[in-house]
Amino acid sequence: MSSAQGNETLKQPTRRTWIKWLGTTPLAMLVGCSGKPSAAFSGELLQPDLSVGHRIRDGWKLPQPTGAPSKHAVVIVGGGIAGLSAAWELQRQGIQDVVILEMESTAGGTSRSGKWEASQFPWAAHYVPVPMSFNRDLLELFQEMNIVTDVSADGQVTVAEEHLCREPEERVFHQGRWLEGLYPASIQEIHSTDRQQLEQFQLQMNQWAQRRDEQGRRAFAIPMQLGTDSDPEVIQLDQISMAQWMTDQGYDSEALRWLVDYGCRDDYGLTLEQTSAWAGVFYFASRLSGQANSIAEMESQPVMTWPQGNGKIVQHLSQRFAKQIRTEHAVTKITKQPNGQSMRVTAYDKARDRMVELIADDVVFAAPQFLASRLIDQWQQAGRDATTFQYGGWVVANLLLKARPSESKEDGLAALMAWDNVICHSDSLGYVNASHQSGADHGPTVITWYHPLLKDDPKLSRQTLLQMTWDDWAAIVLADLSRAHPEIETLIQRMDIMRWGHAMIQPRVGFMFGKQRQQAAESLGRIHFAHSDLSGIALMEEAFARGVAAARKCGAS
Amino acid sequence: MINRAPNYLLYLNVLVIATCGLIYELLAGTLASYLLGDSVTQFSLVIGVYLSALGIGSWLSRYVDTGVARTFIEIEIAIALVGGLSAPILFIAFAQIAWFRILLFGMVLLIGILVGLELPLLMRILKENLDFRELVARVLTFDYIGALMASLLFPILLVPHLGLVRTSLLFGLLNAAVGIWGTSLLRPLLSQRSVTGLRTRGFIVVGILVVGFIKADSLTSLSEEVILQKPIVFTQHSPFQRIVVTKDKENFQLYLNGNLQFNSRDEYRYHEALVHPAISSRDQVHDVLVLGGGDGLAVREVLRYPSVKTVTLVDLDPAMTSLAEKFPPLKELNQDSLNDERVTVINQDAFVWATEQQKTFDVAIIDFPDPSSYSVGKLYTTRFFQMLQKVLNDDAVITVQCTSPLVAPQSYWCILNTLSASGFLVQPYQTSVPTFGVWGFAYARYTGTDVSDTRPWQSRRALPDGLRYLDQSTMQTLFQMPADIAPVDVKINRLNDQVLVRYYEQEWGS
């Protein structure tokens, strides 16, 4: 499990008692009335380790490097999915002399995972839709992992059954009941507005999925670089918000707008009003094959998931690159060597409290743009700017439950914890059941609760994020979950809470086809950029594609 | 002063007391025979203990010197509490404690003593106002009328409509009402202080019984009893399911989450058909796996073969297997199979168990509940059947209960197609079980590496002794599928797309 080691000033593990809750949360009192004594639980407040960066920002003088610099073909800055994918592609090209510098104690970035006895669990990213056949690189990775078992000549992708999210996949808590699926309205009645608009919306998304530009590219593809960048109708979507687009199209069904808003918050950490309509449509259209002839056939790509979420991919890659990954190495500077032929990367080795230097023919910068300006010498000289790159703050809580909450028979088939359990009209995104994929439907489990911070200014969100204590967040988590599971508090044994200050890039209005994003992806001499923020959407597939693309640029210059 | 109260009220009092007393006795007797079996012995013992306790009570009444009226009302309230709670307490205790008989007869004794105290005390109270000859004649008359009413009401009205638990609580309330009423009737014989004290206690007991009445739903819901139309003799809400046992005449029935699992009257037809086609089709069977089937009835059939060396039973719910090991009627029915030394009971979700299992088996008997939820539906998926192959020896055979092919053809054929798609060689077969109707099974062979071996089902050994339904020729007929059970076009049940659960809901749902 990743914790903020070596970061004592910011790590605030707190404990609390049950008595204290009685004073702070009215909901807890209701729970107390049910008669079961509640066991006090505790947990840790975690966050990614940015201590070195913050110390440098606050004027800390770094020690002098000792010893001669080591030489490498490629140095990868950042051990998230983008960095690990770059290493994967470099290895495919036969480039072995690669070092990955990771600031934290484990690789993985937002795809990292943790493990308790009941189950492994994700700390953020937790699923990947089955890639379509044109996403060849990613399919190769999944084939190597024995997840994808076959890609047929006609483009049929076969995934081993145990990796596909098992049913029940999702359910939504609406008006005191759990409903199957994610739509918080009855769709039994064919003539209801909610149903008709949903059908109309699906048909429209299917049309977007079928649309091709003059070069034969999809309007919305995963990875997004494979989609069109020239179709004016597609590009124009980026000029308005998804809320505006829906209004323009006449979608006023509350249930439908909630569903799309949920999708935006889920994938981008943005509300309907904040999300670029391009990204809003992308969320749905990129996952439809477009081959369906009727609504009945229309199905999004199935979802692949694992108890540890995308930590499954991190584990695979970091095992393979165990020798190349150097954890607790915070890069402090990237400069061009005087000869102009190679790069010098300086990093602080936290474990040994010393500076190290590496000389590399190429650097893959697999970290977010907001770090590029601070770490790369030439960056500002090159006239680059990343002010439109905005990153959302998230809170992710992992809860160890000693048993599942009770279910009401009235809810029929939805009366069973699904993989994704969404609470309608909540600020949170609900929770994902980590042990779902193991097949267990009873007994202890870990649930992962997600909550994006939605303020218009992400800096304000980050302030809120940092000001609040474990107790504050625990109270919010509890109040939220208690709406659907009144007795949840009696079941919680531990709650660890991760604060992600810069969890994911946000595709706000105008960002996708703005100048900054396009420029950011271009190499700066021998520095090649690789991060999901270059795609504007924080998907594993995007991070992977960016990593692979950056790796392919190495050795070329 | 007491004679101001109309006489008929006093006799009504006697009537109620007598009815309640007999009801408690009948409740204890019924519960004992339901739970412990052998109704003649149980009723005989309960009646014996109860009558002798009445005697003890009557004898003890001589030690009540002063405050006879107060003592009488106190006893009323005590009976209300103990008698009213007797059935719920015995009901809950049965699943929890090993010394159930001691508790049962202890309660019968206590109630008997208290009831035995009632009439002598009441007669002493009334003797001031009535001629002794008249008193004895009337009180005893009403006592026996009460007994008659109880014995008529109990089987005709109370057990079928209220169930045992609510009957007990209802008569407790009646007893308490008599007690509280008594504080008015006997007001001149009581001090102000004792009236207040008695009423307070009376109302507390009423409160307890009312709460019990409301909570009784969690024990046996009224609707459940109405739906099942049979007296419920055992319920348990395990973390996994609701287990209910009902009883009618000579037979009992097991329900899980409201779905009938078996009726002791004809379960042998089902279990013989489930087990013997599998085991008899192999020359040698040493290790047998039973999945689901926590009732121990399939295991009973497996154990009939002396060549079987081990039986591994995997059932999710420890409450279910423990019921099969301890609940006397079930233990008798399964011939104590789960306590056989060849049997190992594992309480785990079979899906999770299969991912971790190392041992391999010659035969697997799959007796899961019908796929009415996703948590059961996963046990009928290609993924599960493929995991199952990993614990089977080459040329292993399995049989699977597959719901009714007549009521739910899509569900039935979906399970068979899913087995085929998972690499099994599958044959449908069916039998008829009066309680269930036509019931469907799958016989499937895992040929392992030898895919050319496509021999159909064939009996290869003699059937064991003790079967009530199957012989060799009957077993052959199970594999003849009638025309109204023809295959239908259905999809395969996969972990990520559990069509079976939806077929099942459509076909069995209302």
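Which residue of E11(B) stands opposite B:Val397?

1. The structure under review is a predicted model. In it, B:Val397 faces B:Arg445, a residue of E11(B). The two strands concerned, E9(B) and strand E11 (residues 437–446) of chain B, are joined by 6 bridges and pair in the antiparallel sense.

2. Strand E9 of chain B spans residues 392–401 and is mostly covered, as 7 of its 10 residues are buried. E9(B) also pairs with strand E8 (residues 361–367) of chain B; here the strands run parallel, and 5 bridges join them. Within E9(B), B:Val400 is the residue that stands opposite B:Ile366.

3. Chain B also holds an open sheet of 4 strands, in the order E1-E2-E3-E4, with antiparallel pairing. Its edges are strand E1 (232–237) and strand E4 (259–263) of chain B; each has a single partner strand, so one side of each lacks a neighbour in the sheet. From one strand to the next, the twist averages 20°.

4. The partner of E4(B) is examined next. Strand E3 (residues 251–256) of chain B pairs with E4(B) in the antiparallel sense over 4 bridges. One pair of bridge partners consists of B:Leu254 and, in E4(B), B:Phe262.

5. A nonpolar patch on the surface is formed by B:Ile56, B:Trp59, B:Leu60, B:Tyr63 and B:Leu109, which together have about 470 Å² of accessible area. Helix H2 (residues 39–60) of chain B makes the largest contribution to this patch, with 3 residues. B:Leu60 lies in helix H2 of chain B and is partly exposed, its relative accessible area being 31%.

Terms used
Residues are numbered from 1 along each chain as its sequence is written. Chains are lettered from A and ligands numbered from 1 in the order in which they are written. This is a predicted model: local features need pLDDT of at least 70, side-chain atom pairs count only at pLDDT 80 or more; totals for chains, interfaces and linings use all residues. Side-chain values use heavy atoms; hydrogens and water are left out. Buried means under 20% relative accessible area, exposed over 50%, partly exposed in between (1.4 Å probe, protein chains only). Two strands pair if DSSP finds at least two bridges between them. Patches are made of residues with over 30% relative accessible area and no salt bridge: like charges are joined within 9 Å, nonpolar side chains (Val, Leu, Ile, Met, Phe, Trp, Tyr) within 5 Å. Accessible areas come from the Shrake-Rupley method with a 1.4 Å probe; for residues, only the protein chains shown count as cover. A salt bridge is a side-chain nitrogen of Lys or Arg within 4 Å of a carboxyl oxygen of Asp or Glu. Axes are lines fitted to C-alpha atoms, for helices over the stretch in contact, and angles run from 0 to 180 degrees between N-to-C directions.
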